[in-house]
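Good morning, and thank you for coming.

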Amino acid sequence: MPKDTTVRIMNEKSIALALTRISHEIIERNKGTDNIVIIGIRTRGAILAERLAENLSKIGKVALPVGVIDITLYRDDVQDKLDQPVVQKTDLLFDIVDKVVVLVDDVIYTGRTIRAALDAIIDFGRPRAIQLAVLIDRGHRELPIGPDFIGKVVPTSRNERVEVHLIEQDGVDEVIIDRSGRGGV
Amino acid sequence: MRSRHLLGLEGMPAEDINLILDTAISFKEVLSRRIPKVPTLRGMTIVNLFYEPSTRTRISFELAEKRLSADTVNFSASGSSVSKGETLKDTLQNIEAMKIDMVVIRHSAAGSPHYLTTCCQSIVINAGDGAHEHPTQGLLDIFTMREKYGKIDGLKVVIVGDIKHSRVARSNIWGLLTLGAKVSVCGPPTLLPVEMEKFGIKVFDDLDEALDGVDIVNVLRLQRERQQSGLLPSLREYSRYWGITKERLGKLNENFTIMHPGPMNRGVEISSEVAEGTYSVILPQVTNGVAIRMAVLYLLSGGSRKDPTTGGKVDE
């Protein structure tokens with residue numbers, strides 16, 4: 001992609017700061033870490049979930065359970081696509097009944113991924129509450145869904161592309177906006 | 001998936017086989033959940049068209065469909081308009097007129113699923129056609145092997161029994177060869193097809209020779225109806241020469257596995273002791289069958305939703 005169309009809006013330091021702030025907000029809101037479980041949405045939400053859990057464990061001095069869900073089977077557009085998206089594994093090795101689930105994703109956009117994730121989680125049990133943490137809120141919601149904890153609000157147009165890169169997956173921590181007009185998350 | 005239908009494993013590229021096997025791992029996890037069901041195929045209608053008796057395959061397909069939230073309709077040839085002389089094509093076109101998306105078909109005539117693809121719009125899945133192929137059985141057998149050994153490449157597999165009339169054998173052979181296994185077959189000479197060696201398959205009529213140094217024995221059901229056709233002297237003789245008993249297992253590799261697609265004739269092709277041994281994966285095969293069929297249904301459902309503006313289907 002041509003370089004002049006992309007802008008870097010977060011780097012390693014600002015991502016780490018945002019995650020630290022979100023961790024404190026989670027503790028403040030829930031008055032501690034009791035009963036909290038963290039669930040990340042594959043792929044990058046899962047990585048952020050690990051990082052948040054690590055922060056929270058340091059602050060609260062107890063290790064929190066971390067799980068991963070793949071929402072492919074809950075999408076509302078499966079039968080529209082010609083090539084089926086690859087189904088990856090869901091790993092929820094703990095009980096979520098009566099727990100406060102902090103659901104983590106990298107970017108919230110239309111809200112459809114979160115809708116799918118909520119359905120998936122509820123199939124595993126009835127949590128006391130589900131709270132949503134995202135690194136980037138780029139607007140353009142198509143469903144009545146809102147994040148509880150936000151790293152950064154980034155006003156975008158629909159034909160811009162927001163890309164979160166994380167060391168574990170992409171070798172670098174950064175958030176960039178691509179204005180070349182390809183659209184999407 | 002390269003193909004719109006699942007007709008057989010012959011010619012299916014390794015990437016597609018592996019995609020199905022990998023996807024089935026995720027569905028196996030779904031089946032272990034408190035609510036073993038996902039909404040993926042909501043709104044899809046699937047017809048199970050069974051022209052031959054079946055317990056396992058039919059229940060397995062039906063469960064897989066229900067676990068994916070599809071609507072299902074079951075059809076068996078007995079007690080239907082087939083007994084009034086309706087042709088396969090007419091039956092299907094009539095069912096299709098009631099707006100269905102997929103057909104799972106079991107038929108005694110080899111090639112009937114292929115034929116259906118030429119005269120209907122639906123996605124067709126072969127659930128066993130004559131002595132030709134039974135692709136989901138082949139896939140679930142390969143999945144079960146991969147689950148235990150971590151890979152297929154280099155595994156030594158012998159298929160024992162009535163190879164000639166077995167669609168299970170054929171689907172296993174095609175899939176296993178594509179993924180790099182070393183396949184051999186063993187059975188009475190009257191029940192072994194000719195020229196198997198051309199495909200790189202070793203052929204034995206002596207069971208002890210066939211079992212030497214092998215990892216997996218896939219034991220086929222002896223179709224008793226064959227005995228009448230003069231291909232077998234007697235069940236007792238078959239059992240003595242080709243039945244898998246505990247005494248025969250010594251020649252196999254360490255960590256060997258016994259498989260059987262069911263239904264078993266205990267004491268004929270396999271002894272009860274072997275069927276229930278710790279090395280037997282006959283029941284895990286059945287469990288994996290549901291996950292494999294869910295993977296196949298999911299992967300083939302892409303682009304199946306009808307376009308509301310034209311009422312037609314999305315083309316390939």
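I shall speak about strands, then domains, then the contact between the chains.

First, a word on the source. This is a predicted model, in which local features need pLDDT of at least 70 and side-chain atom pairs count only at pLDDT 80 or more, while totals for chains, interfaces and linings use all residues. Residues are numbered from 1 along each chain as its sequence is written, and chains are lettered from A and ligands numbered from 1 in the order in which they are written.

Let us begin with chain B. Its four strands make an open parallel sheet in the order S2-S1-S3-S4. Strands here are DSSP runs (E, at least two residues), as are helices (H or I, at least four), numbered from the N terminus; two strands pair if DSSP finds at least two bridges between them. Which strands of chain B lie at the edges? They are S2 (71–76) and S4 (123–129), each of which pairs on one side only. From one strand to the next, the twist averages 15 degrees, taken between axes that are lines fitted to C-alpha atoms, with angles from 0 to 180 degrees between N-to-C directions. Strand S1 of chain B, residues 45–50, runs parallel to S2(B) and is joined to S2(B) by six bridges. Opposite B:Thr45 stands B:Asp71 in S2(B).

In chain A, strands S4 (100–108) and S5 (129–137) pair in parallel over eight bridges. Between S4(A) and S5(A) the chain passes through helix H3 (112–124) in a right-handed β-α-β crossover; with the strands pointing away from the viewer, such a path over the helix runs clockwise. S5(A) is also joined by four bridges to strand S6 (149–153) of chain A, again in parallel.

Now to the domains. An automatic or database assignment sets the bounds, and chain B is divided into domain 1 (14–134 + 287–300) and domain 2 (135–282).

Finally, how many residues does each chain bring to the contact between the chains? Chain B gives 19 and chain A gives 18. On the chain B side, the largest share, four residues, comes from H1(B).

Methods:
Contact = placed C-beta atoms within 7 Å.
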